[in-house]
Amino acid sequence: MSIRSVGTLVPTLMVALAGAWCVRTAVAQPLTLDRALELARARSQAVVAQDSAAVAARELAVAAGQLPDPTLTVGINNLPVTGSDRFSLTDDFMTMRSIGVMQEFTREGKRKARSARYEREAESAEAGKQLAVANLSRDTALAWLDRYYQETISAMLRRQREEAMLSIDAAEATYRGGRGSQGDVIMARASVAMIDDRIAQNDRDVLTAKTMLARWVGAPANDALAAPPSTAASPIDVADLDSRLAHHPAIAVLTKQEEVAQAEAEVARAAKDTDWSLALMYSQRGPSYSNMVSINVSIPLQWDQRNRQDREVAAKLALADQARAQREEMLRDHLAEIRVMWLEWQSYRERLARYDSTLLLLATERTRAGMTAYRSGTGPLVAVLDARRSEIDTGIERVKLELESARVWARLYFLLPPEHSARVVRG
């Protein structure tokens, strides 16, 4: 290879290596909760479905505001079928070849009412989109948090296993020194085996959590996770809950459905105003006879409005009342449910503070004291193993408690759409 070739190849290799390093760096970025939410919203077909429903309703709103299509009529009238003029189009003076057009003139109030009804339906679909986004965000956050804390438990169990291995070393050392028994060695090894079993069970939980997260974000569910957002601050203002809850997506959907029912009642009320139709027909006869023009006007006779049109209006108004009652009932249910969740979250935070300030410290000190006593020959190994098991259980209970707190926090956090919440997810 010539020197010139080498000089050309080196910069090329440097560029390629730099590009590969950039790609590897980009892939190595941990998956934050914000990023998971973005991926879930981009992949969601539920959002696409609601967008399509809104587009369809708006298209129908335009169509409903137009006059019906005119009707073209073509025919032959009074054609003889017997006698010397049978099947002749020109010999009999009554035979006519006709062409006409008929147009129904729907009243403007009716067309506006029908168009408004579909506009309300489009708004209902848009409210359904907000509900889909809220549910999607909540479920994605729950899956992300579940994986994070399951992996936290996994790391904790592996650290505890390393410490439990020290108990085996200590038991073997005291056994060789004649100060311990072989039963202590077997007991220490059994304790490690039990931790291994818990690790295997937790590994299954981690895989399950990854599978659930992949449902929402796809392949990035296997990426390393970033630190979670802080769940120590209240995710919702309980004092302002009554006014803010009106923006709850599920309540907003029922509000829009009530408006759709009201719009349908307006359509039924507008139907009491009759439409009319105009028909124009041109009839051609034989060359010896005059051609003719016919003009017809048709008006429906609503002779029994009390038992037909009025009943339809009453039915639509009753459906609107039903929608209103369902919305108010759901509002009360959500209000009570949210207050209960907030109290539950507050209780979790208080318990976590108790674990951090007292329970974890006591469990750690008990293990250290037991190990010190065992090494000095003043305490049994079983006390060390019991203390270590208690420390593991306390630590895992603390993580599970934090997971439950984070789950309630996520459910409260994603109650309202982003435009009605000034909070931002971090992490």
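Me: What relative accessibility does Glu 404 have?
Reply: This is a predicted model, where local features need pLDDT of at least 70 and side-chain atom pairs count only at pLDDT 80 or more, while totals for chains, interfaces and linings use all residues. Residues are numbered from 1 along each chain as its sequence is written, and side-chain values use heavy atoms, leaving out hydrogens and water. Glu 404 counts as partly exposed, a class between buried (under 20% relative accessible area) and exposed (over 50%), with a 1.4 Å probe and protein chains only. Its relative accessibility is 29%.

Me: Which residue does Glu 404 meet in a salt bridge?
Reply: A salt bridge here puts a side-chain nitrogen of Lys or Arg within 4 Å of a carboxyl oxygen of Asp or Glu. For Glu 404, the closest N and O atoms of the pair are 2.7 Å apart. Both residues lie in helix H9, three residues apart, about one turn of the helix; helices are DSSP runs of H or I with at least four residues, strands are runs of E with at least two, and both are numbered from the N terminus. The partner is Arg 407.

Me: How many residues apart in sequence are the parts that Asp 146 and Arg 407 tie together?
Reply: Arg 407 also forms a salt bridge with Asp 146, again with the closest N and O atoms 2.7 Å apart. Asp 146 is buried at 16% relative accessible area, whereas Arg 407 is partly exposed at 22%. Asp 146 belongs to helix H4 (residues 108–176) and Arg 407 to helix H9 (residues 381–413), so the parts they tie together are separated in sequence by 261 residues.

Me: Arg 147 and Glu 151 also meet in a salt bridge; which helix holds both?
Reply: The N to O distance in this pair is 2.7 Å. Arg 147 is buried at 3% relative accessible area, while Glu 151 is partly exposed at 24%. The two are four residues apart, about one turn of the helix, and both lie in H4.

Me: How many salt bridges does a search of the whole structure find?
Reply: Some of the charged residues form a network: Arg 120, Glu 123, Lys 256 and Glu 259 are linked by salt bridges. Over the whole structure, the search finds 28.

Me: Turning to the sheet, which residue is the bridge partner of Ile 99 in S3?
Reply: The open sheet has four strands in the order S1-S2-S3-S4, with antiparallel pairing (at least two DSSP bridges make a pair). Strand S1 (71–77) and strand S4 (292–298) are at the edges with a single partner strand each, so one side of each has no neighbour in the sheet. Strands S2 (residues 96–105) and S3 (residues 276–284) pair over nine bridges. The partner of Ile 99 is Tyr 282.

Me: Which strand gives the largest share of the nonpolar patch?
Reply: The patch lies on the surface, has about 1,200 Å² of accessible area together, and includes Leu 72, Ile 99, Leu 278 and Val 293. Patch residues have over 30% relative accessible area and no salt bridge; like charges are joined within 9 Å, and nonpolar side chains (Val, Leu, Ile, Met, Phe, Trp, Tyr) within 5 Å. Areas come from the Shrake-Rupley method with a 1.4 Å probe, and for residues only the protein chains shown count as cover. S1, S2, S3 and S4 each give two or more residues, and the largest share, four residues, comes from S3.
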